[in-house]
Amino acid sequence: MRKRLGMITPSSNSVLEPVTSAMLAGAPGVTAHFSRFRVTEIALDAAALNQFDASVMLPAADLLADAKVDAIAWNGTSASWLGIGRDRSLCEAITARTGVPATTSTLACIDAARVLGARRVGLVSPYTDDVQRRIADVWAGEGIVPHAERHLGLRDNFSFGEVEPATIAGMIRSVVADGADAVVILCTNLDGAGLALSLERELNIAVLDSVAVTLWRSLGLAGGDNTVLKRWGRIFQTVPVFN
């Protein structure tokens, strides 16, 4: 059965669309469809935080609903520093407006860590010191206290997409050396999805890339078969029941 997945995308993100499309090349009948709104920087000042107001995100969801998508995802991690309640409210609003089930990258990452039973989660991101500290607090509020973390100190969202996969792999190895038993690549503009399977085999840990995990959660929410994507990492070998 055909499945259409709608992705609300930050305007300056150059990674999630090609990566999602590449992943779905091996999943016949499943397609991704994208709708953008303006996001250019990640920071904690008012201007940066206001980029994620629901009033600018919901029209993007409306446009995706025109394509008769089976699920809609906010393919961004902003609730990791704004608070998980923001994403839960956004999902409720999307479904109320469109009738389409909704999820987000942050909710997907948290779900994936829980499904895999991760106890010592390492967080890898491109963000600044203060954003990374806020993320640790927000995740701790969900019962996932980061065991280790690495971040790059970047603010410009476009620049995240220019980070080399080798740099991301080095950060993952570093938090695993600190004792992490699962690693979350927390940003949908980091090119890390292609690293997951090989690093899982090398390090014997789960690697949860935000783009990949958003696809996992969205496809499951749409009633699709996640196992068709199992070559993209351990998480795709699990088939949880979604509410």
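These are my notebook entries on a predicted model.

**Entry 1: the core**

I began with the nonpolar packing. The largest nonpolar core holds 81 residues. I looked up which of them have the most contacts inside it, and found Ile8, Trp139 and Ile172. Helix α11, residues 210–221, gives the most to this core, with seven residues.

I then followed isoleucine 8. I left aside its neighbours within four places in sequence. Its contacts include Ser35, Phe37, Met57, Ala60, Ala61 and Leu64. Ile72, Ala73, Trp74, Asn75 and Ile94 are also in contact with isoleucine 8.

**Entry 2: helix α1**

Next I checked α1, residues 16–24. Which residues are buried there? I noted Leu16, Glu17, Val19, Thr20, Met23 and Leu24. What do the buried residues of α1 pack against? The answer is β1, β2 (30–37) and α11.

**Entry 3: arginine 2**

I moved to the segment before β1 (3–10), where arginine 2 lies. Not counting residues up to four places away in sequence, arginine 2 touches Gly29, Thr31 and Asp70. With threonine 31 there is a polar contact, side chain to side chain, at 3.4 Å.

I also compared sequence and space. Arginine 2 and glycine 224 are 222 residues apart in sequence. Their C-alpha atoms are 8.7 Å apart.

**Entry 4: aromatic pairs**

I searched the whole structure for aromatic pairs and got six. For tryptophan 81 and tyrosine 127, the ring centres are 5.1 Å apart and the planes stand at 65 degrees, so I logged the pair as edge-to-face. Tryptophan 81 lies in helix α4 (79–82), and tyrosine 127 in the loop between β5 (121–125) and α7 (129–141), so this pair ties together parts 46 residues apart in sequence.

Are these two residues buried or exposed? Tryptophan 81 is buried, at 2% relative accessibility. Tyrosine 127 is buried as well, with a relative accessible area of 2%.

Tyrosine 127 also forms an edge-to-face pair with phenylalanine 160. I recorded 5.6 Å centre to centre and 75 degrees between the planes. This pair links distant parts of the chain, 33 residues apart: the loop between β5 and α7, and helix α8 (157–160). Phenylalanine 160 counts as buried because its relative accessibility is 0%.

Last, I asked which residues form one aromatic cluster. I listed Phe37, Phe52, Trp74, Trp81, Tyr127 and Phe160. Two of these names, Phe37 and Trp74, were already in my notes as contacts of isoleucine 8.

Note on methods: Residues numbered from 1 in each chain as written. Predicted model: local features only at pLDDT ≥ 70, side-chain atom pairs only at ≥ 80, totals over all residues. Heavy atoms only, no water. Core = buried A, V, L, I, M, F, W, Y, C linked by side-chain atoms within 4.5 Å. Buried < 20%, exposed > 50% of the residue type's maximum accessible area, 1.4 Å probe, protein only. Helix = DSSP H or I, 4+ residues; strand = E, 2+ residues; numbered from the N terminus. Contact = heavy atoms within 4.5 Å. Polar contact = N/O pair within 3.5 Å; in protein donor to acceptor, adjacent residues only side chain to side chain. Phe/Tyr/Trp six-rings, centres within 6.5 Å; stacked < 30°, edge-to-face > 60°.
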